[in-house]
Amino acid sequence: MQIKSYNPSVDPNTIHGNVQPPSDSNAYGANVSGAKVWQTGMSAVQQQMQAYVDDQINLSVLDAKNKYEAGMNDLLNNPDTGLLNKQDINALDV
């Protein structure tokens with residue numbers, strides 16, 4: 001009987017006497033826990049990115065609305081050039 005040192009490359013599917021499930025997701029009984037963790041993490045990242053984009057869109061819309069209202073306020077109520085402060089000119093005709 002020959003005693004040989006353990007060579008892990010002989011049978012890479014056994015570690016300490018336990019059979020490891022294959023990592024191929026197409027195989028029956030595959031170890032896909034790592035892929036599930038990645039999918040969960042990527043889903044969370046995607047949700048955070050979507051929330052960020054939605055917030056940026058909302059901020060852009062509010063910014064545009066505020067600029068529009070400021071422009072209209074300036075057009076109508078500016079003491080020097082406002083349409084409602086002009087004298088001897090009908091503001092609707094200007």
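**Before selecting anything**

What is open in the viewer is a predicted model, in which local features need pLDDT of at least 70 and side-chain atom pairs count only at pLDDT 80 or more, while totals for chains, interfaces and linings use all residues. Residues are numbered from 1 along each chain as its sequence is written, and side-chain values use heavy atoms, with hydrogens and water left out.

**Stop 1: the whole chain, coloured by confidence**

Colour the chain by pLDDT, the predictor's confidence in each residue on a scale from 0 to 100; the average is 77, and 60% of the residues score at least 70. The elements run β-β-α from the N terminus on, with helices (H or I, at least four residues) and strands (E, at least two) taken as DSSP runs and numbered from the N terminus. Confidence is lowest in strand β1 (residues 14-15), with a mean of 55, and highest in α1, at 90. Where pLDDT is low, the predicted coordinates should not be read in detail.

Of the 94 residues, 5% count as buried.

**Stop 2: helix α1 and its salt bridges**

Select residues 33-77, which make up helix α1. The structure holds two salt bridges, each defined as a side-chain nitrogen of Lys or Arg within 4 Å of a carboxyl oxygen of Asp or Glu.

Show D63 and K67, whose closest N and O atoms are 3.6 Å apart in a salt bridge.

Next select K65 and E69, which form a salt bridge with the closest N and O atoms 3.1 Å apart. K65 and E69 are likewise four residues apart in helix α1, about one helical turn, and K65 is partly exposed at 43% relative accessibility, as is E69 at 40%.

**Stop 3: N78, after the helix**

Move on to N78, in the segment after α1, which counts as buried at 18% relative accessibility. Its side chain is joined to that of D74 by a polar contact of 3.0 Å, a term for a pair of N or O atoms within 3.5 Å in which, within protein, one must be able to donate a hydrogen and the other to accept it, residues adjacent in sequence counting only if both atoms are side-chain atoms.

Key:
Buried means under 20% relative accessible area, exposed over 50%, partly exposed in between (1.4 Å probe, protein chains only).
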